[in-house]
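Visitor: Hi! Could you walk me through this one?
Guide: Happy to; here it is.

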Amino acid sequence: MSLKDQISEEIKAAMKAQDKVRLEAVRSIKKVLIEKESEVRGKGQDTLTPEQELEVLMQQAKQRRDSIEQYQKAGRSDLVDTEKAELAIIEEYLPQQLSDSEVASIVDEIIAEVGASSAKDMGKVMGLAMQRLKGQADGKKVQEWVKTKLSS
C-alpha cells in the first residue's frame, strides 16, 4: 500500500473518530503528496518513489518544527500544542528517529572516513551525514553535532 493510499485510509478513520487534529495533519500530508505527484507527472513519472514520499514527510515535519519554534517565541502556547500534536502524527510515518548518541557515532565515523579536521571540512561531512541520516535525524541536530565535533 502506497503512502497516499495509507493516508486516505487515515483520513477516513480520523473522520469517523472525529479526531480533528489527526484529520488536519493527514489532510495536509495528502495535499502535499498530490502536489508533488502532479509535479513529477510533468517530468514523465507516474507516481512518487518511496524516497520522494519520505522527502515530503520530512518537509512537513520540518515545517511543524519551525512553526513550533516561532509560536513559542510569540507566546502562542495554544498553537504550539496543535503543531506538536500534528508533528507527532507526521512522525508516525517517518522512519524511526536515531538517538543523539547514535547520530554522534555516525558523525564520528563520517569525520574519520572523510579525514575532516577543522570547521573548513564541515561541508564534506554534512553532505555525507545528511545522505546517510536522511529521514532518521533532524538536520539541525546533525549540524550541531558536526560543528561540535569539528570545533573541538
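Guide: Helices (H or I, at least four residues) and strands (E, at least two) are DSSP runs, numbered from the N terminus. Here the elements run α-α-α-α-α-α-α from the N terminus on, which comes to seven helices and zero strands.

Visitor: What should I know about the model and its numbering?
Guide: This is a predicted model, where local features need pLDDT of at least 70, side-chain atom pairs count only at pLDDT 80 or more, and totals for chains, interfaces and linings use all residues. Residues are numbered from 1 along each chain as its sequence is written, and side-chain values use heavy atoms, with hydrogens and water left out.

Visitor: Okay, helix 6: which residues are buried?
Guide: In helix 6 (residues 122-132), M122, V125, M126 and A129 are buried. Buried means under 20% relative accessible area, exposed over 50%, partly exposed in between (1.4 Å probe, protein chains only).

Visitor: How are those buried residues of helix 6 arranged, seen down the axis?
Guide: They fall within an arc of 95 degrees, so they line one face of the helix. The arc is taken from the directions from the helix axis to the C-beta atoms.

Visitor: And which exposed residues are on the face turned away?
Guide: That face of helix 6 carries G123, K124 and Q131.

Visitor: What covers the buried side of helix 6?
Guide: The cover includes helix 5 and helix 7, counting contact as heavy atoms within 4.5 Å.

Visitor: New topic: how much of the whole chain is buried?
Guide: Of its 152 residues, 34% count as buried. The C-alpha atoms fill a box of roughly 55 × 45 × 25 Å, taken along the principal axes.
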